[in-house]
Structure formats: C-alpha cells, structure tokens
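Here is a short report to read with the model open beside you. Take your time and find each residue as it comes up.

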Amino acid sequence: ERLKGVPRDTPLRTFCTGGIRCVKVNAWLQQGLGFRNAAALKGGIVSYASYVEDRRDAGEDVESMFDGACFVFDHVRRRSGGGGGGG
C-alpha cells in the first residue's frame, strides 16, 4: 500500500541485522511488486560495522554512516552506529 504509485525503477535500498531478511524482502520487491532497482547492504549492519571497525583499526579516518543501535542476540553483542565500535 505504501509503495502504490512509486515508479518501478525507483532505487530502493534495504538493510537488516545480518542481511538474510533483506534478500527475502528484495526478492518480494522485485518478483512480487515489480521493482527493478532494489538492493541490500551486503551482510547487513553487522558486516558494515565490522568493516568500519577494521578500517579504523588500520588507521583510516572512517566515519560510520549508520546512526542507530543494532542488537545481535546470537552473539550476545551490541554494536553502536554513529559512535562506532561495539561490544
């Protein structure tokens, strides 16, 4: 209902904790609703947070673009967005 009237070539970007739900949602957006430009953050927020941490550990001046918190219960670990780090 919310996507009614949205052009099917509109870029849509999804993200989730680990990336699996995004794969399913993007398949639904493309196959079920006919969107042609849906993409997901590979590996989810957890992967992105690790990428940012690795760059920082390597001495690069990298700022996370994620502003929020991600609770990962299977690893009993909390990752922060804007502040970086986690754990």
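Leaving aside its neighbours within four places in sequence, which residues is Leu3 in contact with? They are Arg8, Leu29, Leu33 and Phe35, where contact means heavy atoms within 4.5 Å. Before going further, a word on what you're looking at. This is a predicted model, numbered from 1 along each chain as its sequence is written, and local features need pLDDT of at least 70, side-chain atom pairs count only at pLDDT 80 or more, while totals for chains, interfaces and linings use all residues. Side-chain values use heavy atoms, with hydrogens and water left out.

**The overall layout**

The protein chain has two helices and four strands. Both kinds of element are DSSP runs numbered from the N terminus: helices are H or I with at least four residues, and strands are E with at least two. Reading from the N terminus, the order is β-α-β-α-β-β. The chain has 87 residues, and 25% of them count as buried. Here buried means under 20% relative accessible area, exposed means over 50%, and partly exposed is in between (1.4 Å probe, protein chains only). Look at the contacts in the chain with a separation of 6 or more: 52% of them come from residues 24 or more positions apart.

With 26% relative accessibility, Leu3 counts as partly exposed. Leu3 and Leu33 are 30 residues apart along the chain, yet their C-alpha atoms are separated by 8.9 Å.

Arg8 lies over the face of Phe35, at 4.2 Å from the ring centre. To count, NZ of Lys or CZ of Arg must be within 6 Å of the ring centre and within 35 degrees of the ring normal. Gln30, in helix H1, touches Phe35 as well as Ala38, not counting residues up to four places away in sequence. Gln30 and Arg8 are 22 residues apart along the chain, with 8.9 Å between their C-alpha atoms. Gln30 is partly exposed, at 35% relative accessibility.

How many aromatic pairs does a search of the whole structure find? It finds one. Phe15 and Phe66 make up the pair, which is edge-to-face, with 6.2 Å from centre to centre and 80° between the planes. (Rings of Phe, Tyr and Trp, taking its six-membered ring, pair if their centres lie within 6.5 Å; planes under 30 degrees apart are stacked, over 60 edge-to-face, and the rest tilted.) Phe15 is in the loop between strand E1 (12–14) and helix H1 (20–32), and Phe66 is in the loop between H2 and strand E3 (69–72), so the pair ties together parts that are 51 residues apart in sequence.

**Two cysteines**

What about disulfides? A disulfide is a pair of cysteine sulfur atoms within 2.5 Å, and by this rule the count is zero. Cys16 is in no disulfide, since its nearest cysteine sulfur, that of Cys22, is 3.1 Å away. Cys16 is found in the loop between E1 and H1. Not counting residues up to four places away in sequence, Cys16 touches Arg21, Cys22, Gly44 and Ile45. Cys16 and Ala40 are 24 residues apart in sequence and 8.5 Å apart in space, C-alpha to C-alpha.

**Helix H2 and what follows**

Gly44 and Ile45 also belong to the buried residues of H2, along with Tyr48, Ala49, Val52 and Glu53. An α-helix has 3.6 residues a turn, so residues three or four places apart point the same way.

A search of the whole structure finds one salt bridge (a side-chain nitrogen of Lys or Arg within 4 Å of a carboxyl oxygen of Asp or Glu). Arg55 forms it with Glu60, and the closest N and O atoms are 3.5 Å apart.

Here's how residues from these pairs compare for accessibility:

| Residue | Relative accessibility | Class |
|---|---|---|
| Phe15 | 53% | exposed |
| Phe66 | 15% | buried |
| Cys16 | 12% | buried |
| Cys22 | 3% | buried |
| Arg55 | 24% | partly exposed |
| Glu60 | 40% | partly exposed |
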